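Please open the structure in a viewer and keep the selection panel at hand.

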Amino acid sequence: MDIINGTVVALLWCPQGFAVSSKEGKSMKSIKSSRGFTLIELMIVVAILAILMAIAIPAYQDYTIRSQVSEGMSLAQGARVAVWDRWANSGVFPVDNADAGLPAPVSIQGEYVSEVRVVDGEITVTFGAAGANATIAGDTLILAPVGAVSDSSMQWSCNTGTLESRFLPARCR
C-alpha cells in the first residue's frame, strides 16, 4: 500500500497482470506483465527455417559445383585454340597434348581441375584437384570438335563425359 496524492493505493495481482487500485476500489491503471514467445510460435519459426534450409543448401551446392565446372571450361579454352590451330594448319587433329603444342595433361591444372588432356582432338577435362567438390571429383567433361577441314570455324560438342547434366554449362545441356 502506498499513498499517492492523498489516496491510498495497492498493487493487486490479477490474471491479466498487475493492477493499481485506489481505496475506493477504482482501477487507476493496469501494468501488463511482459510475456515471451509461446512454444508453438517458436516451433513454427524453427519449422520455417528448416524448410528454407532444405531448399537453399542443395541449390547453393549445385551453384558452387557449376562454378567449379566453369573453371574447367576456361582451362579447356587454351586447348581448344591449340586443337583448332593444328586442325586448320594440317587438316588433322592432334593425337595428344604434345602434338597440339600443349604441356603435359597434369601441368594444366586449376583449383578444381586436376588435368586437361587432348586425345585425337578431343579435350578431356578431369575434375578432382584439392578444392573440387566431392560430388564431381574424378568426373570428366569432354569437348569434341565438330566440323570439316573446309570449314573456317570449328564447333564444339560438350555434352559428353561423366558429369551430371545439371552441372554442365547451359550451352552443353
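The stops below go from the whole chain to a sheet, a helix and single residues.

The model is predicted: local features need pLDDT of at least 70, side-chain atom pairs count only at pLDDT 80 or more, and totals for chains, interfaces and linings use all residues. Residues are numbered from 1 along each chain as its sequence is written, and side-chain values use heavy atoms, with hydrogens and water left out.

**Whole chain.** Helices (H or I, at least four residues) and strands (E, at least two) are DSSP runs, numbered from the N terminus. Of the 173 residues, 32% are buried; buried means under 20% relative accessible area, exposed over 50%, and partly exposed in between (1.4 Å probe, protein chains only).

**The sheet.** Select β5, β6, β7 and β8, which form an open antiparallel sheet in the order β5-β6-β7-β8. Two strands pair if DSSP finds at least two bridges between them. Because β5 and β8 (155-161) stand at the edges with a single partner strand each, one side of each lacks a neighbour in the sheet. Neighbouring strands are turned by 20 degrees against each other on average, direction ignored. Axes are lines fitted to C-alpha atoms, for helices over the stretch in contact, and angles run from 0 to 180 degrees between N-to-C directions.

Next, show α1 as well: this helix packs on the sheet, touching β5, β6, β7 and β8, and its direction makes about 155 degrees with that of β6. Contact means heavy atoms within 4.5 Å.

**The hairpin.** Zoom to residues 113-119 (β5) and 122-127 (β6), which pair in the antiparallel sense over six bridges. Val-118 has Ile-123 of β6 as its bridge partner. Two residues separate the strands of this hairpin, and Asp-120 in the turn has a positive phi of about 50 degrees.

Is Thr-126 buried or exposed? This residue of strand β6 counts as buried, because its relative accessibility is 15%. Leaving aside residues up to four places away in sequence, Thr-126 touches Val-113, Ser-114, Glu-115, Gly-138, Asp-139 and Thr-140.

**Helix α1.** Finish at residues 39-90, the helix α1 that holds Val-45. With 46% relative accessibility, Val-45 counts as partly exposed.
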